[in-house]
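Please read these points with the sequence and the coordinates open.

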Amino acid sequence: MAATSPAIEARSLTKMYGHDRGVVDLSFTVERGEVFGFLGPNGAGKTTTIRLLLDLIRATSGRVSLFGVDPRCNVAVRRRVGYVPGDLRLYERLSAAELCRYFANLRGMRTIDRAVAYANRLDLPIDRPIGSLSKGNRQKVGLVQALMHEPDLLVFDEPTAGLDPLVQQTFYGLIDERRAAGATVFLSSHVLPEVQHVADRVALVREGRLVDVASVAALRARAFGRVEATFATLPPPDAFTRVPGARELDRYGETILFALEGEADALVKALGRFHVVALDSHEADLEDIFLSLYRREARDAA
Amino acid sequence: MLRNVFSKTLRDLRRTAAWWILGIVALTAFVVAVYPSVRDNPELNKMVEDYPDVLKAFFGLGQDVDYTSAVGYLNSELFSFMAPLLLLIAAIGAGARATAGEEERGTLDLLLANPLSRRRLLVDKLAALVAEIAVLGAVLWLSLVLGCHIVGMHVSAAHLGAASAAAVLLAIVYGAVAVFFGAWLGSRGAAIGITAAGAVAAYLLNSLGELVDSLKPLRIASPFYHYVAQDALRDGLGLDHVVLLLSVALFAASGAVAAFTRRDLHTP
């Protein structure tokens with residue numbers, strides 16, 4: 001039933017470009033009110049997927065629906081959608097206010113008051129030609145035109161590229177606000193930190209295929225972090241072989257590099273038996289997560 | 001001016017349209033201003049008669065054209081070549097820009113994220129093209145009516161209007177063809193190149209068809225034939241030719257809609 005259908009539903013979505021794959025057999029569901037991260041390295045098919053969702057390109061096979069409706073057959077569903085493309089191109093001669101007025105008219109809106117309010121919050125000069133704006137300000141124009149009709153579904157393709165950290169925080173604040181208002185947010189990124197603070201669930205894509213869909217917490221729990229410990233005297237080679245979740249990757253000088261999966265407790269206690277001079281840890285980044293997933297797959301297959 | 005795609009497109013055309021209007025006014029002013037010295041020099045008629053047939057064919061001088069008459073002069077100096085050429089360039093440029101311009105600049109992704117169907121987008125762009133060319137045609141007509149009045153050329157405003165309308169119609173045909181190639185291929189350059197090449201070929205087919213007997217039956221395939229054959233400046237618009245040109249424009253327009261609504265849009 002349309003009233004309860006998910007915000008986004010992709011079923012066996014495949015897009016081939018000649019013999020090149022765009023995306024292959026993607027199936028995922030984004031529930032209403034959810035913030036959904038779409039994560040993958042560059043060239044993984046994120047933009048292809050998003051352009052399929054918006055009917056800018058057509059699937060080779062499979063189908064997609066927004067709020068239970070095929071976006072190809074029903075243009076009106078785009079009233080409920082706000083979109084910021086990854087490669088954002090704007091009308092250079094218009095000002096942000098003019099661009100918003102144009103799109104507001106196309107959407108049948110009477111005023112651009114909300115656009116002006118968002119622009120003010122983002123500190124965007126609204127009356128200057130867009131052609132004269134900085135990269136960051138252009139990105140803000142993209143955000144404002146996507147937010148001004150307070151849509152039920154926001155689709156962002158790499159939204160924080162070009163935004164300075166302060167504005168990024170404002171952006172995350174806006175996402176939280178929209179989520180609180182019941183909107184669904186779909187955002188793609190090639191780096192985990194960009195989505196992990198705001199996303200409820202994350203889909204991982206690589207080479208056009210969906211690797212996994214998981215909550216951010218679950219993902220981080222099972223991903224490898226990296227711990228780098230420097231000792232006064234290097235412990236014996238077998239000192240850490242029995243520590244659960246930890247694995248030695250490398251030794252150099254007085255330093256040992258560990259890969260850590262899950263909780264850090266066991267490793268910390270094992271380290272405590274030695275004189276630790278310096279300790280450094282990195283959160284799992286995307287590549288580590290993919291590596292851990294591949295290892296898991298390989299292990300499961302064996 | 002930002003109410004819809006139609007008015008936004010016209011808004012974007014303001015700058016270039018101003019130059020086109022200036023050019024058309026300047027051309028008609030020049031052509032009309034020279035006429036009194038042509039009229040007072042009957043020798044010219046003899047000279048033109050002695051032109052080789054090839055030359056006459058290319059400049060739209062029929063076998064028994066009176067070059068020094070107002071109608072003969074305007075036909076050969078303006079309506080056989082220069083007026084349709086200018087309008088054609090404007091129309092092909094606007095047609096190629098219609099969707100392919102936005103697609104190449106990358107603004108199409110953002111525009112189509114609005115609740116706007118591709119068909120509606122294309123129809124708006126086509127309507128803006130027709131409006132632009134109609135305005136240029138009106139400028140041509142008005143400056144001719146005024147110019148003819150000033151130098152005392154005896155051509156009725158109605159006939160000048162018919163000739164201008166015929167040129168507008170021919171330009172719209174090629175504008176629609178350019179829209180089609182732009183909508184199909186997504187490339188402005190390709191749309192301009194293919195359409196312009198087609199226009200040159202059609203022009204040659206019509207001109208040479210006048211001289212070469214084997215080509216004569218093929219002339220009806222050239223839009224230029226239907227433009228010239230009605231001799232709108234002398235006889236007014238010819239209904240059958242008008243209907244045929246309109247059909248070609250509509251055919252190209254529906255082809256554009258069909259191609260544009262089916263395919264993947266490119267990103268720059």
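1. Two strands count as paired if DSSP finds at least two bridges between them. On that basis, six strands of chain A form an open sheet in the order β5-β6-β7-β3-β8-β9, with mixed pairing. β5(A) and β9(A) (209-215) stand at the edges; each has a single partner strand, so one side of each is left without a neighbour in the sheet. From one strand to the next, the twist averages 15 degrees. Please keep in mind that this is a predicted model.

2. Look at one pair inside this sheet. Strands β6(A) (residues 153-157) and β7(A) (residues 184-189) run in the parallel sense and share five bridges. Phe156(A) has Leu187(A) as its bridge partner in β7(A).

3. Which helix packs on the sheet, touching β3, β6 and β7 of chain A? It is helix α5(A) (residues 165-180), and its direction makes about 150 degrees with that of β7(A). Helix α4(A) (residues 135-147) lies across β5 and β6 of chain A. α4(A) runs at about 170 degrees to β5(A).

4. The largest nonpolar core has 77 residues. Those that touch the most other members are Ala96(A), Leu99(A), Cys100(A), Val144(A), Val155(A) and Phe186(A). Helix α2(A) (residues 96-106) gives the largest share of this core, eight residues. A second, separate core holds 71 residues, including Ala91(B), Leu121(B), Val168(B) and Ala176(B). In soluble globular proteins, nonpolar side chains tend to be buried together.

5. Val144(A) deserves a look of its own. Neighbours within four places in sequence aside, Val144(A) is in contact with Ala96(A) and Cys100(A), and also with Ala115(A), Tyr118(A), Ala119(A), Leu122(A) and Leu124(A).

6. How many residues does each chain bring to the contact? Chain A gives 22 and chain B gives 19. On the side of chain A that touches chain B, the elements giving two or more residues are β5(A) (81-84) and α2(A). The largest share of that side, six residues, comes from α2(A). By type, the side of chain A divides into 13 nonpolar, one polar and eight charged residues.

7. Some totals for chain A. The chain has nine helices and 13 strands. Of its 302 residues, 41% count as buried. The C-alpha trace spans about 75 × 45 × 35 Å along its principal axes. Among contacts between residues at least 6 apart in sequence, 70% join residues at least 24 apart.

8. On confidence: the mean pLDDT of chain A is 89, and 93% of its residues reach 70 or more. Within chain A, α2(A) is highest, at a mean of 97, and helix α9(A) (residues 286-301) is lowest, at 67. Where pLDDT is low, the predicted coordinates should not be read in detail.

9. Last, Ser5(A), which lies in the segment before β1(A) (8-17). Thr29(A) is 24 residues away from Ser5(A) along the chain, and their C-alpha atoms are separated by 9.9 Å.

Notes. Residues numbered from 1 in each chain as written. Chains lettered and ligands numbered in written order. Predicted model: local features only at pLDDT ≥ 70, side-chain atom pairs only at ≥ 80, totals over all residues. Core = buried A, V, L, I, M, F, W, Y, C linked by C-beta atoms within 7 Å. Buried ≥ 20, exposed ≤ 12 C-beta atoms within 10 Å, placed from the backbone. Helix = DSSP H or I, 4+ residues; strand = E, 2+ residues; numbered from the N terminus. Contact = placed C-beta atoms within 7 Å. pLDDT = per-residue confidence, 0-100. Nonpolar A, V, L, I, M, F, W, Y, C, P; charged D, E, K, R; others polar. Axes fitted to C-alpha atoms, helices over the stretch in contact; angles between N-to-C directions.
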